[in-house]
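Please look through the sequence and the structure shown below, and then read the notes on how its strands pair.

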Amino acid sequence: AVSVGTTYATTAAPTDGAIIEGYVGIGTTAPAKNLTVQSATSPAVGLYSTYADSNARNWAINTNNAVYGDLTFSTSAARLGNPTAIKMTILKDGNVGIGTTAPTDPLQIVKTVAGAESRVLALSNYGTTDNTATRLTFEGHSSTGVPKTQATIVATTVDSNNLSFTSKLSFTTRTADALVIFTDGNVGIGT
């Protein structure tokens, strides 16, 4: 057990643990944050599990020195493995990629499943009553910079009964439904 710091020096650290007062530097003598990891190549933080389950994975958070400024989150392919399979990337321009290391939009999700439908994104509202809805909103700014809703896509539970569950999908422009598709296939336009 180790206690480090002016006021921590007299405080007992937990068994087989450490307590540290102030900033901690790994690879630097002048840490700028509570924990600063510095390297001349690609600094990384590893999260390793020795849990016995065969599904356990190790994770790593890396800065990608090859592209100067990108941040990646990686996992191992197997229990106790080296986490090198990149799962998510944040580019230095702010674009986020899940399943891709080169997102071209603010958020890009990629999943490759040839010859079959694949669930890529789920928007969920787990409310259990009629009229529970999940909404995807498109916004812009007015000429004075005020945020305004441009359009929405809304999925609504019409009948929440487990045996007769029905829903509708509404496409709206500003505040009115422009197109509504019901569970039975009926379509309403402007109603």
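**Strand pairing in a predicted model**

T172 stands opposite D177 in β14, where strands (E, at least two residues) are DSSP runs numbered from the N terminus, as are helices (H or I, at least four residues). This is a predicted model, in which local features need pLDDT of at least 70, side-chain atom pairs count only at pLDDT 80 or more, and totals for chains, interfaces and linings use all residues. Residues are numbered from 1 along each chain as its sequence is written, and side-chain values use heavy atoms, with hydrogens and water left out.

**The five-stranded sheet**

- Strand β13 (residues 166–173) pairs with strand β14 (residues 176–182) in the antiparallel sense over six bridges, and two strands count as paired if DSSP finds at least two bridges between them.
- An open sheet is formed by five strands in the order β11-β12-β13-β14-β15, with antiparallel pairing.
- Its edge strands, β11 (133–141) and β15 (187–189), each pair on one side only.
- Direction ignored, neighbouring strands of this sheet are turned by 15 degrees against each other on average, using axes that are lines fitted to C-alpha atoms (for helices over the stretch in contact), with angles that run from 0 to 180 degrees between N-to-C directions.

**Strands β7, β8 and β9**

- Strand β7 (residues 70–75) runs antiparallel to strand β8 (residues 85–90) and is joined to it by five bridges, with I90 in β8 as the bridge partner of L71.
- Three bridges join β8 to the antiparallel strand β9 (residues 96–98), where I98 is the bridge partner of M88.
- β8 and β9 form a hairpin with five residues between them, and G94 in the turn has a positive phi of about 100 degrees.
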